[in-house]
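Here are my notes on this one, point by point. Have the coordinates open while you read.

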Amino acid sequence: MLAQLLPSLTDGLLLGFVYGVAAMGLSLIWGVMTVINLSHGPVIALGMFATYLLFTHLGVNPYLALVAVAAFGMLLGFLIYGVAVHRVLNAPHLSTLLATFAVNMIIIGVGTAVFTTSPHNIDFPLGSWEIGPLTLPATRLVATLGAVVITGALYLFLYFTRPGKAIRAVANNRQAAELMGIPSARILALSFGLGTMLAAVSGGLIATFFPFTILSGGPYELKSFVICVLGGLGNPLGALLGGLLLGGLEGLIPTFMPVSWVPVVEFGLFVLVLLVRPSGLLGAK
Amino acid sequence: MQAWRQAGFWLPLMIVFLWGLAVLLIRQDTARETAFTLLMCVGLASSLNILLGYTGYVSFGHIVFFGLGGYTGFYFLSQHNWSLLASSLAGGVLSAGLAGLVGLAVLRLRGAYFALATIGINEAARAFVSNFEPFGGATGLFVNFSAYEQYGGAGPALWTAFTFLWVSTLAVLATSFLVKHSRFGLGLMAIREDEDAAMVMGVKAPQAKTIAYVISAFFPGIIGTLYFFKNGNVEPGDAFQLHMSIESLVMVMLGGQGTVLGPMVGAITYQGLRGYLLTSPIFKSLHLAVAGLILLLIVLFVPAGAVGWVRGRFPRWRRVLE
């Protein structure tokens, strides 16, 4: 039992870090403008494909490619915000949900036409490390390290830079922030860009160890919802803890019951937390 | 105000009635299949509209009632040899009952939290049914071919399923109108505009929302049973497709949320458009992107939908286009 539990749990936790980065983007966007970004999944998939294209066609090291992917994600976020979100920001929730879902359909539609739905993968093995009974693929460890660095950078950005403080101010009270001379439209666009950037980067990280298709973003988007609710909707740093929690559960559950029950527990827990504590287990921000 | 004296009550009903009658008289298989798909969309979109359009609550996982109701009905039909009428009603009643239970809890959430919870419920239900042995687990259930014999063989059984669907769609449209023009419906619309104010004015919001949820879940359960009966099998992937939920949302938005005619217009337009895009050589591979673009344009520029836009633009037509 323990011999099975330990590797499974470690595996889950390492994945949890990457889930956390994906969810952080969703949580940030929710926190700043109370928009649920339904185009999150396709952006994750685009991050995977951007890394893939840079690696296979230009021979760029996938981890170096992440820098370019991040810039691409940020620009894509500006575009989505400007075209689809800004106009309906103050309309009822249905409008932003449907507008971002329309973007989702457009990306999936174009992506399917360009990349088809056959699986791709990035063949960039880094070997693996053996620690006692555990065998850890190095790609997972690097991804975990990347996730920690990204979270740290996001924290420093939000708390110690002027644009970061402006984002927090707009999240707190948009009107008051505008009265203090903060250009809220630009800050909202920046937050949306940061959110999609995190999604694209997490996609790039996932692409280094799992094969993917243009539809692969969907499951990570659903996981991101669960994580956001666990970690507190609108609390980007809580998302990392939520990710670890979900990753841990995914590692833990298969030792007690068949793997196919994992989503039942995950989504059941998700609905339960929403009902009992809509602000999330760790509190909203 | 008696419903049968109003043009707005009869217009959608007459369209569906004459359409179904025409299909039954022509007795052509392709016409029936097309009409089946379209009427199913009309029924699903209209029942979603009772919650979404009147109450303003966005249910992203409404297809869960189609799936669970369909599964239940199909289970009784294929495993216990119930008749189609009894099993489809069983599917509807189970969906409605489930909505009542779930609604009491989930409808306390507002706005985006509710939308998220409905996605969670749909995914949890899909995952649960995939593991639930009486429902056949991941492989689903099949109908025994002999079950079709009481309807005179497989061919006539399809016509029976169509007739049932036709009647259910008529029932959805009539219910939609009656809800909209009742005191209860006015309460729902008050909730849509401002829930707190509605409660202050004496609308019992929790009950009203739950009843609306129950009504909007009942019909998808029936339609689900009929659909899976027609297909002859049911499996988790087919029954809980999140994108079908979203397509019904698009149909409601396209036609006009909160109107009786709108979801019908939206469903027929959307399916027509989809059929055109899927078969046209230029857009074949891009049909999803084009559909997304159209949705985006509607959300950004015509949020009231087609019927809503006409109603706003030509007030005189309001009596006819409910």
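1. Buried residues account for 52% of the 322 residues in chain B, where buried means 20 or more other C-beta atoms within 10 Å of a residue's own, with C-beta atoms placed from the backbone. Mind that this is a predicted model: local features need pLDDT of at least 70, side-chain atom pairs count only at pLDDT 80 or more, and totals for chains, interfaces and linings use all residues. Residues are numbered from 1 along each chain as its sequence is written, and chains are lettered from A in the order in which they are written.

2. Chain B has 14 helices and two strands, taken as DSSP runs (H or I, at least four residues, for helices; E, at least two, for strands) and numbered from the N terminus. Its C-alpha atoms fill a box of roughly 55 × 45 × 45 Å along the principal axes.

3. What about contacts (C-beta atoms, placed from the backbone, within 7 Å)? Of those in chain B between residues at least 6 apart in sequence, 76% join residues at least 24 apart.

4. The interface takes 36 residues from chain A and 36 residues from chain B. On the chain A side, α4 (93–115), α9 and α11 (262–276) each supply at least two residues, and α4(A) gives the largest share, 16 residues. A:Leu98 touches B:Leu249, B:Met253, B:Leu295 and B:Val299, leaving aside residues up to four places away in sequence.

5. A:Leu98 turns up again in the largest nonpolar core, which has 206 residues; A:Leu98, A:Val18, A:Ala102, A:Ala200 and A:Val201 have the most contacts inside it. Such a core is a set of buried Ala, Val, Leu, Ile, Met, Phe, Trp, Tyr and Cys residues joined through C-beta atoms within 7 Å. Helix α1 (residues 2–33) of chain A contributes the largest share of this core, 16 residues.

6. Next, α9(A). Its 15 residues (217–231) should span 21 Å at 1.5 Å a residue, and the end C-alpha atoms are 20 Å apart, which agrees; the expected span is 1.5 Å times one less than the number of residues. The helix α9(A) is mostly covered, with 13 of its 15 residues buried. Just after α9(A), A:Gly232 takes a positive phi of about 100 degrees.

Notes
Buried ≥ 20, exposed ≤ 12 C-beta atoms within 10 Å, placed from the backbone. Contact = placed C-beta atoms within 7 Å.
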